[in-house]
Amino acid sequence: MTPAPSITRRNACRLHRRLLAGLGCLALAFSAGIPGAASADTAPPPGEPRTVTADELPTWQTDGVVWSIAMVGDTVYVGGNFDHIRPPGTNPGDPAEVPRRNLAAFNAATGQPLDWNPTVDAATFTTPNVQVGCDDLDGDQWRCDAVYAVRSSPDGTTLFVGGDFTTINGQPRQRIASFALPGGTLTGFGRSLNRRVKSLAVSNTTVYAGGYFTTADGVPRQHLAAFTTAANGTLTAWAPAADRGVHALVISPDRSRVVVGGDFDTLNGNPPHGLGAVYTDTGASAPWATGVEYRDATYRSVVTDLVADNDTIYAAAEGAGTFDGRLAVNPDDGELRWIDNCKGATQALTLLDGVLYSGSHAHNCSTQPDGFGELTGFPAQRLLAEPAKPTGETPPILHWFPNTNHGTVNGHQGPRALANNGAYLWVGGEFTTVNNKPQQGLTRFASMTTGTDVNRPQPTPAPQVTKPNGSTGTIKIDWKQTWDRDNKTLKYEVVRDATTVVHTTSAASKFWDLQPMTFTDTGLAPGSTHTYSIRAIDPFGNRFWSAQSTPIQAD
């Protein structure tokens, strides 16, 4: 995938002042080594942001895809396309599995399910055409009932959901609905949209919806609509128009704008492609500078997620041979603040303690400081972290490397949703493993203010031992660095005969660039026989002890 998005020319030129023939000014990431490169982890040097741990916590699973997560205090609400949930470490169909139809709730701190159990459904229909994101019932029968968006009101008293569904608890709910919190009772919010709702954003008074619909309550609405947040809700006059699908919405920090992301070429008839803003009150277009790459109908980027802090909007993108990474813009005018060009479609974002976490299938982040090159065998690193406010024009990749697989359904992307409550970071998607262990649809990680770092470094083989030519009482020990998912610097101990530490050293390591290490043990009694092993220890005392070397006799 190509590394450079076609950011709006005025903005990209100002930031990078690069001219590329045929595409205008592009925001090209600087190579590794720019000022401000960071290597943060759960025990970073002073002044660098600390990440959550990479230790996966026991969490109940789904038997399908999680598309969206919302956290309200200590409660986690997830929406997706699934029929059951089950305990961690179990397989589908486990006796402890319980029904949950496309919506479920969990305790954020324990990963245990809550009793909330609405039934989200839709009618079956017949078509020979594949229906992406829907249930294939065989014989050209399909059911599209997934929940794609879950968002709470700012005061946490109402949960709004959007998707493909047409009924909830047997009551008509045409692709949008709400529940009163904390009890989770279905409200009378009975609005109707004619096609999929893909995204929601909620203010104190209004719920904004984006997706593929063209009518709301029978009134024309071109992929965007708004309703009052009252229990019954009413369609408002807010009616900006996108010419193609809207995938993500977020309200600006000052609450004056709705920032819109998706696959559209125009918003209210105006460029740029894929990213723009409209006013929350009138729906008129607000000034906006930055879009994502569009070459033609095949080769284009799509904004998949948006998040905001108190002064910045962050966007994630998926590209077809185009921009796949993340960018940050000024919410007042869309001026680009930074961009990365990590390759591998980014699906989800969340912000926690100054760190931007993302879910993707990153396979080449060589344009970023501390980033990796093309991963051989295309394993992909599907969870990443970077500073939200980098000192350079391209944020570094932070040392946080938990991982999932790609899953077995839909687009094989792995993570699809991220959310946090300041203490726990939850990840949802289509994956079926986390850190190489079976775990489907959901996982979670703890901040260091809540949990502890307990995972040990990755395994390392027994060292190689040799006798240097011309030496007496000397044995040379060679080994290769190992790595840790959330600590860049490890301590290594060389242990003789399983009892005596004869050498200690520390070194930073990266999973994609493990370096050789060596130590020469001297002063050994001639004719004595020894074995050696390596202990790798992280800053929290978690350790991996290699197997012992083959015995070797000192001359």
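This is a predicted model: local features need pLDDT of at least 70, side-chain atom pairs count only at pLDDT 80 or more; totals for chains, interfaces and linings use all residues.
1. **Disulfide count.** If you're going through the cysteines, start with this: the structure holds two disulfides. As a reminder, a disulfide is a covalent bond between the sulfur atoms of two cysteines. One of the pairs here is Cys134 with Cys144, and another is Cys342 with Cys365.

2. **Cys134 and Cys144.** The sulfur atoms of this pair sit 2.0 Å apart. The torsion about their S-S bond is about 105 degrees, so this disulfide is right-handed. As for where the two ends lie, Cys134 is in the loop between strand E10 (124–126) and strand E11 (135–136), while Cys144 is in the loop between strand E12 (141–143) and strand E13 (147–152), so the bond ties together parts that are 10 residues apart in sequence. Buried or exposed? Both Cys134 and Cys144 are buried.

3. **Cys342 and Cys365.** In this pair the sulfur atoms are 1.7 Å apart. Cys342 belongs to the loop between strand E30 (336–339) and strand E31 (346–352), and Cys365 to the loop between strand E32 (355–362) and strand E33 (381–387), so the link ties together parts that are 23 residues apart in sequence. Cys342 is buried, at a relative accessible area of 1%. Cys365 is buried too, and its relative accessible area is 0%.

4. **Asp135.** Have a look at Asp135, which is found in strand E11. With a relative accessibility of 14%, Asp135 counts as buried, because the cut-off for that is under 20%. What does its side chain pair with? There's a polar contact of 3.3 Å between the side chains of Asp135 and Asn81. If you leave aside neighbours within four places in sequence, Asp135 is in contact with Asn81, Gln141, Trp142, Arg143 and Asp145.

5. **A three-strand sheet.** There's also an open sheet of three strands, in the order E9-E15-E16, with antiparallel pairing. Strand E9 (120–121) and strand E16 (171–172) stand at the edges with a single partner strand each, so one side of each has no neighbour in the sheet. Strand E15 (residues 167–168) is joined to E16 by two bridges, and these strands run antiparallel. To find that pairing on screen, pick Thr167: its bridge partner in E16 is Pro172.

Terms used. Residues are numbered from 1 along each chain as its sequence is written. Side-chain values use heavy atoms; hydrogens and water are left out. A disulfide is a pair of cysteine sulfur atoms within 2.5 Å. Helices (H or I, at least four residues) and strands (E, at least two) are DSSP runs, numbered from the N terminus. Buried means under 20% relative accessible area, exposed over 50%, partly exposed in between (1.4 Å probe, protein chains only). A polar contact is a pair of N or O atoms within 3.5 Å; within protein, one must be able to donate a hydrogen and the other to accept it, and residues adjacent in sequence count only if both atoms are side-chain atoms. Contact means heavy atoms within 4.5 Å. Two strands pair if DSSP finds at least two bridges between them.
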